[in-house]
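The exercises below are to be worked with the sequence and the 3D structure at hand. Try each task before reading its solution.

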Amino acid sequence: MSGQGLPLRVATLLTGLLECLGFAGVLFGWVSLVFVFKTEHYFEELCEPDAGPMGNATGQNDCKAQDERFSLIFTLASFMNNFMTFPTGYIFDRFKTTVARLIAIFFYTTATLIIAFISADSALLLFLAMPMLTVGGILFLITNLQIGNLFGKHRSTIITLYNGAFDSSSAVFLIIKLLYEKGISLRASFIFLSVCSVWHVVRTFLLMPRGHIPYPLPPYYSYGLGSWSRPREEKKVTAESKKLDLQSKEFPSPKEETPGSVQQQEARSFWSYVFSQLFAWHLVWLSVIQLWHYLFIGTLNSLLTNLAVGDRELVSSYTNAFAITQFFGVLCAPWNGLLMDRLKQKYQKEARKRGTSDSAAALCSAVPSLALTSLLCLGFALCASVRVLPLQYVTFILQVISRSFLYGGNASFLTLAFPSEHFGKLFGLVMALSAIVSLLQFPIFMLIKGPLQNDPLYVNVTLVLFTLVTLVHPILVYRECRRAERA
C-alpha cells in the first residue's frame, strides 16, 4: 500500500464507522425519543380532555392531534434527510471535505443544543432542530463514504458497512431513553452529544482529507494532518486521480472495458441517464421501499399504543425491542456489499473468458441484491400489516435487514449502472426525488387516523401491491445485463 501507511487508513476507517454509528442517522430512533417527549408532556395541550395527562403513551387509547404533530416533525425531518442529499452533495463536490464537515458540525451542534434546552412550552422548536440534526448527519455520512476509496476492491463492502452504521445509529435515542428512565435528564444527554463536536473537529483535521479521496487511488497519496503542509502535492495527486477516474465507467481499469462500450458511455449526457428506464425503475424501487420504512418508523408509537391498548409498560418494552434491533443494521449491511463484491468478481472473470463487457458483468451482480431487498421489504410489510402484537418482533427483524440492504444497495447499484463522473449528481437526484415521495407518509397517517378510524388495512394492502411492483426493477436490470452482453 503506497502513500501513507495502513495504520492511518485503518484509523480513518474505524473512526468513520464510529461517527456514522454514533451520530449520523440518529433520527431513525425517533420512536424512542417520542416516548420521552410524551413523558415530558410535549404537545400535550393538543390532546382531548379525556386523553389523560400523558396522552396515548400512558394508558389512554388515543391522542390523535399529539400523534399527528410528532408524525409531521418526523415527516419533515426524514424528507430533509433525503432531499438535502442533493445540495449537500453539491457542497461536498464544490467545497470539498473540510468545508462540508464544518457545516455538518455546525448544524449538528446547533440542533443538539436546541433539543437540550427546549421544554414542553417551546416544543415547536423541534420543527427546526430535527431537520438540522438530519442535515448534519447526512453530511457526516457523505464525507465518510469516500473512505471506501482507500481500500480498493473492498469498496462496496465498506460503503454498505457505513450505510449499515448509519441505520444502527438510531439506537442512540434508545440509549437516551434508557438513561432517562434511570434519572439522566434529556438535557444532559443532548449536551453530551453537543460536546462530542470537539471530536468531530479533531477528526476533520487529523484523519480526513481537505479535498476528496480519489478513485482509483494514485501512488503516494497522502491526507490528514501531513497533507496540510503539502497543498501543491495534493493538487497534483488530485489532478492525476481525475485523469484516472475519467478513463473508467465503473471501478475496473480501462483495459477491462471494450472500446465501443467506453465510447458509448462518453457520448451520453447526464440527462440521458436521468431519463433512462434503468434510472426510472430504480427510483420507483427506492421510493416505495423507503416510504414503507418511513411510514412504519413515524407511526410506530401510535401503532404500538393501539395494539397494547395503551399499556405504557408494554409500549416501552416493544419500543426498546425495536430500537435494539436497529443496532444490528451495521452487522446486516456488509453482507449485501460482500454479496455484490463476490458476484462482481465472479461475473467479471467469466466475462473476460467470453470476451464480453466487464461493466455489464458488474451490473449483473446487483440483480440478487435488488431482488433480495424487495423480498425482505415484502415480508416486513406483510408482518406489519397483521395487527398481532407479538408478531411485531418478526416485523422489527425483517425491517432492519431490509433497510440495511436498501441504502447500501442503492449506492452500490448507482456506481455499477452509471458512469462514475455522474455518481454524485445521480445519487443526490434519486434521493431528492424519493424524498418527495416520502412526504406521502403524513397524509397516509392522517387517512388512517381519520376516515379509516385507526384501521390501516386498505393502506397496507395498497402498499404491499406497490412493493410487489418493485420486483420489476431487478428483472429489468437482468434483461439489460443480457442485452449489453449480446451487444
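**Exercise 1. The chain as a whole**

Among contacts in the chain between residues at least 6 apart in sequence, what percentage join residues at least 24 apart?

Solution. The model is predicted, so local features need pLDDT of at least 70 and side-chain atom pairs count only at pLDDT 80 or more, while totals for chains, interfaces and linings use all residues. Residues are numbered from 1 along each chain as its sequence is written, and side-chain values use heavy atoms, with hydrogens and water left out.

Step 1. Contact means heavy atoms within 4.5 Å. Of the contacts between residues at least 6 apart in sequence, 80% join residues at least 24 apart.

Step 2. Helices (H or I, at least four residues) and strands (E, at least two) are DSSP runs, numbered from the N terminus. The chain has 22 helices and zero strands.

Step 3. A residue is buried under 20% relative accessible area, exposed over 50%, and partly exposed in between (1.4 Å probe, protein chains only). In this chain of 487 residues, 58% are buried.

**Exercise 2. The disulfide**

Which cysteines form a disulfide, and how far apart are their sulfur atoms? Find the place of the pair in the chain and its handedness.

Solution. Step 1. A disulfide is a pair of cysteine sulfur atoms within 2.5 Å. The structure holds one disulfide: Cys-47 is joined to Cys-63, with the sulfur atoms 2.0 Å apart.

Step 1. Cys-47 and Cys-63 are 16 residues apart, and each lies in the loop between α2 and α3. Both cysteines are buried.

Step 2. The torsion about the S-S bond of Cys-47 and Cys-63 is about -110°, so the disulfide is left-handed.

Step 3. Two further cysteines can be checked for burial. Cys-364 counts as buried because its relative accessibility is 7%, and Cys-383 counts as buried at 14%.

**Exercise 3. Positive phi angles**

What is the phi of His-41, and what is the phi of Lys-96?

Solution. Step 1. His-41 is not a glycine, yet its phi is positive, near 70°. His-41 sits in the loop between α2 (30-39) and α3 (64-83). With a relative accessible area of 36%, His-41 is partly exposed.

Step 1. Lys-96, also a residue that is not a glycine, has a positive phi of about 75°. Lys-96 belongs to helix α4 (residues 85-117). Its relative accessibility is 31%, so Lys-96 counts as partly exposed.

**Exercise 4. A helix pair and a neighbouring threonine**

At what angle do the axes of helix α7 and helix α8 cross?

Solution. Step 1. Axes are lines fitted to C-alpha atoms, for helices over the stretch in contact, and angles run from 0 to 180 degrees between N-to-C directions. The axes of α7 (residues 171-181) and α8 (residues 186-195) cross at roughly 140° and come within 9 Å.

Step 1. On the α7 side the contact is made by Phe-173, Ile-176, Leu-179 and Tyr-180, and on the α8 side by Leu-186, Ser-189, Phe-190 and Leu-193.

Step 2. Sort these residues by class: Ala, Val, Leu, Ile, Met, Phe, Trp, Tyr, Cys and Pro count as nonpolar, Asp, Glu, Lys and Arg as charged, and the others, Gly among them, as polar. The contact of α7 with α8 has seven nonpolar, one polar and no charged residues.

Step 3. Thr-112 is in helix α4 and counts as buried, because its relative accessibility is 0%. Not counting residues up to four places away in sequence, Thr-112 touches Leu-133, Phe-190, Leu-193 and Ser-194.

**Exercise 5. The span of a helix**

How far apart are the end C-alpha atoms of helix α6? Check this against the expected span.

Solution. Step 1. The expected span of a helix is 1.5 Å times one less than its number of residues.

Step 1. Helix α6 (residues 155-168) has 14 residues and should span 20 Å; its end C-alpha atoms are 20 Å apart, so the two values agree.

Step 2. For cover, 13 of the 14 residues of α6 are buried.

**Exercise 6. Apart in sequence and in space**

How many residues apart in sequence are Arg-312 and Phe-35?

Solution. Step 1. Arg-312 and Phe-35 are 277 residues apart in sequence, with their C-alpha atoms 9.6 Å apart. Arg-312 is in helix α14 (residues 312-327).

Step 1. Ala-360 lies in helix α16 (residues 358-364) and, at 4% relative accessibility, counts as buried.
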